[in-house]
Every structure is written in structure tokens, then in C-alpha cells.
Amino acid sequence: MNKLLLAVMLGVALAANSGACVAAPDEALLDAARRHEAPLLATLKELVLIESGSSDAAGLARMGDYAERRLKELGAAVERKDGIVTARFKGTGVRKLMLMAHMDTVYQPGILATQPYRVDGKRVYGPGIADDKSGIALILHTLALLRSAGWRDYAQLTVVFNSDEEIGSRASGDWIAMQAGEHDFVFSCEPHGAPLDGILLSASGIATATMTVQGRAAHAGVAAKAGRNALIELSHQLLQTKDIEVPGTQLNWTRANVGMVTNQIPASATALGDVRLSAPDGVQRLQQALREKVATPLVSDTVTTVELKAGRPPYLATAAGRAWAAKAQGIYAEIGRELALYPGSGGGTDAGYASRSGKAIVLESFGLGGEGVHGNDEYITLDSVLPRLYLLSRMLQEAGASR
Ligand SMILES: [Zn+2]
């Protein structure tokens with residue numbers, strides 16, 4: 001999860017549960033969740049002790065081996081490719097449910113030497129412990145406790161753990177999108193910020209814009225007028241497009257490359273821009289608007305083109321997703337907890353890829369509570385373990401039973 005994503009989670013009002021009819025908790029399930037608190041923390045410690053930075057192929061292979069073993073012990077058929085662990089369980093119900101989390105972290109090999117696993121009061125520290133090893137541990141133990149409760153009310157239950165979330169999910173994004181498109185529900189288990197306990201309803205998508213100007217080279221001293229200055233034209237086009245307004249998109253030009261020597265009128269120039277998206281069709285609409293703008297040159301006989309390359313798609317909870325988020329609030333109320341619904345963020349999540357087909361109901365931030373992600377004091381809170389085990393278990397049961 002992007003650090004920014006957690007930062008903007010702050011300042012969100014808790015939804016009021018007052019006045020709503022609060023159901024009694026499922027005591028048997030709550031007891032089972034209590035029995036899994038300590039084992040979950042033991043699993044989490046094992047996960048933290050396997051370093052697994054996005055570029056650490058050996059570490060990620062060890063993480064994959066660990067996840068495969070644990071999922072097989074739970075009765076899954078496991079498939080591995082491109083660093084992705086996909087586990088499938090067959091049930092007796094009708095709904096198709098998917099759970100996901102990522103195995104990679106932002107940390108470099110050797111990080112445990114300076115940032116060790118440690119417990120301090122109500123917090124447990126370690127690199128990647130919240131983002132997103134907490135999601136993996138939570139999924140493993142939610143499945144274990146539901147299995148021991150005899151729950152099999154699903155046609156298909158799929159778990160996807162990928163290895164490149166922190167570097168844009170370029171190898172796993174299409175796989176996640178494809179798998180999610182074959183399911184009715186997807187629960188993405190990224191961590192949420194402590195102390196405000198909540199789930200996220202939207203996150204930005206990302207794209208890259210490339211503007212290219214083609215002009216004509218000429219000697220800058222003796223034949224400048226014969227040239228068509230691509231640098232001047234690029235400057236003009238950047239100014240023309242810098243404040244372009246396309247709803248659901250945000251563009252900032254951030255890099256440029258032009259000119260080799262000072263005594264030549266430059267024949268070509270390129271600029272790159274960062275694009276953030278909150279609308280699924282934002283790439284197409286922004287690209288169209290940019291193309292219309294750049295059609296008017298300042299320097300005659302120059303040609304400017306703009307291409308947008310889509311990265312991680314935006315995540316935006318649908319009306320059905322929001323209804324299920326409200327259901328999550330009701331489940332939390334059963335155990336006397338409040339759940340905030342965060343409207344959005346500038347960060348990204350793989351829930352965007354899961355939403356791409358528009359078929360599944362996708363919900364985000366079902367991992368443990370924690371803070372300091374991507375930093376040198378990343379931690380999870382011990383008191384988030386029990387409510388989050390209960391929440392995900394009950395959500396799966398409700399999703400499985402939904403018609
Ligand atoms: Zn993450």
C-alpha cells in the first residue's frame with residue numbers, strides 16, 4: 001500500500017452506529033477468533049522473519065514456499081507462476097469468493113539487522129509487518145478458523161498472494177483482474193491506519209503521459225530560421241496543457257528531455273507526466289482532451305503527439321460495495337467496535353486491478369491495524385487482531401450466504 005494512502009486516511013469521521021439495531025455477536029465464531037489470536041501472531045512473526053523486498057527474488061521464493069505449504073495444509077490446490085501464489089478451495093455453496101494480499105515489501109535485503117521483529121506493549125514491530133504480512137496472516141487464520149467451524153458455504157474460494165504490489169503489480173495486475181472477474185466478491189487485505197479503524201472506499205489509479213514534439217534540426221548560428229525548434233514548441237504545449245481539466249484525472253508534467261548540443265536547433269523534445277485517476281475511463285478522456293489541445297502549434301511545421309500509458313487502475317467502491325461496507329460496520333458493531341469508511345486517497349491498491357472487469361464486489365483494507373508503513377517503525381496493533389479475524393470471517397460467511 002502506498003504511504004500516501006494511509007496519510008489521507010486521517011481526519012475521516014466515523015460513521016454513526018447510533019440508532020441502528022445492533023445484532024448480538026456470533027459467540028462461537030468470536031471464541032474461535034480468540035483461539036486464533038496467538039497462532040496468528042506466531043504466523044506473522046514467521047512471515048516477518050522471511051525478508052521479501054520486491055526485488056529480492058530469493059526471499060520472495062521463500063515466502064511463496066511458506067504460503068504454498070500453509071495453504072495446502074488448509075486443503076487448497078495451489079498454483080504458482082510469475083511470483084504469484086494462487087490457492088483454490090472447492091465448497092458446497094454458490095458464491096465465488098476471493099481474498100488477496102501481497103508478499104513483497106519496500107525493504108531491502110538485510111533490513112532485519114537494523115529493524116528487527118520486536119514486541120513493545122500493544123504493538124508488534126517489523127519490516128512489512130502491517131503492509132502486507134498482516135493481510136497474509138489474517139487470511140491464513142481466517143480460513144483456518146472457518147474450516148474448523150465446518151464452513152464451506154461457497155462454490156469457489158480463491159486466495160491470491162502477489163510479489164510486486166509495491167512496484168506497481170506489472171506482472172500480477174492482469175492475473176488479479178482476470179481472477180477477480182470470475183468471482184462475486186473480492187476482499188483485499190491491505191492494512192488500515194491505526195488508531196482509526198476503518199476500510200477504504202476508493203484509491204487513485206496511475207498512468208504515465210508522454211508528450212513528443214517533432215520539429216526540424218538546423219544550425220543555431222547560421223540557419224536558425226530553417227529549423228523548427230522542438231524545445232520552444234514543447235514549452236508552448238506544456239503551458240497549454242498544464243491546467244487541463246478532465247474530471248476524475250490529474251496531470252502533472254514532471255520530466256523533459258530535449259537537445260544534445262547548444263549550436264543546433266533541436267529537432268525533437270519529449271516530456272513525461274504523472275497522471276492520477278479517480279475515474280475508470282479517465283485515461284481515454286484525458287488522452288482525447290490532450291490531443292485536442294496540442295493540435296494548435298506555436299512553431300509552424302511541428303507535430304506534437306501525446307500518449308497515455310495506463311498503470312494500476314483506480315479503485316472505487318460501487319453502490320453494492322458501499323452497501324457491503326455498511327454491512328461490515330454492522331458486523332463490527334456486534335462486537336462493540338466502530339468502523340470508519342474512508343472516502344478516498346491518492347495512493348494505489350490492487351483493489352483497482354480487481355475492480356477492472358466491474359463484475360466482482362471489491363472491498364479494501366481488511367488487514368490488521370498498523371502504522372509507519374514503508375518507514376523504520378512499521379507496526380501492527382495487537383488489539384486489531386481479534387476484531388479483524390471476526391470481521392473477515394463474518395464477511396465471508398455473509399458473502400457466501402448472499403443470494
Ligand atoms: Zn500494501
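Predicted model: local features only at pLDDT ≥ 70, side-chain atom pairs only at ≥ 80, totals over all residues.
Helix 6 itself spans residues 173-180 and is mostly covered, since 6 of its 8 residues are buried. Those buried residues are G173, W175, I176, A177, Q179 and A180.

From this helix we can turn to the nonpolar cores. The largest nonpolar core has 87 residues, and the members that touch the most other members are L71, F89, V159, F161 and F187. Apart from this core lies another one, of 21 residues, which includes A209, L234, V275 and V283. Returning to F187, and leaving aside residues up to four places away in sequence, we find that F187 touches M98, L99, M100, L363, F366, L392, M395, L396 and A399.

| Helix pair | Angle between axes | Distance between axes | Handedness of crossing |
|---|---|---|---|
| Helix 5 (133-148) and helix 11 (385-401) | about 60° | 10 Å | right-handed |
| Helix 7 (230-241) and helix 8 (282-294) | roughly 130° | within 10 Å | right-handed |

Helix 5 and helix 11 pack at an angle of about 60°, and helix 5 is therefore oblique to helix 11. On the side of helix 5 the contact is made by L138, H141, T142, L145 and L146, while helix 11 contributes R388, L389, L392, S393, L396 and Q397. Sorted by class, this contact of helix 5 with helix 11 has 6 nonpolar, 4 polar and 1 charged residues.

T142 has its place in helix 5, and T142 counts as buried because its relative accessible area is 0%, where the cut-off for buried is under 20%. Not counting residues up to four places away in sequence, T142 touches L389, L392, S393 and L396.

In the other pair, the axes of helix 7 and helix 8 cross at roughly 130°, and so helix 7 is oblique to helix 8 as well. The contact here involves Q237, Q240 and T241 of helix 7 together with L290, K293 and V294 of helix 8. By class, the contact of helix 7 with helix 8 has 2 nonpolar, 3 polar and 1 charged residues.

Terms used:
Residues numbered from 1 in each chain as written. Heavy atoms only, no water. Helix = DSSP H or I, 4+ residues; strand = E, 2+ residues; numbered from the N terminus. Buried < 20%, exposed > 50% of the residue type's maximum accessible area, 1.4 Å probe, protein only. Contact = heavy atoms within 4.5 Å. Core = buried A, V, L, I, M, F, W, Y, C linked by side-chain atoms within 4.5 Å. Axes fitted to C-alpha atoms, helices over the stretch in contact; angles between N-to-C directions. Parallel < 35°, antiparallel > 145°, perpendicular 65-115°, else oblique. Left-handed = near helix turned anticlockwise from the far one by under 90°. Nonpolar A, V, L, I, M, F, W, Y, C, P; charged D, E, K, R; others polar.
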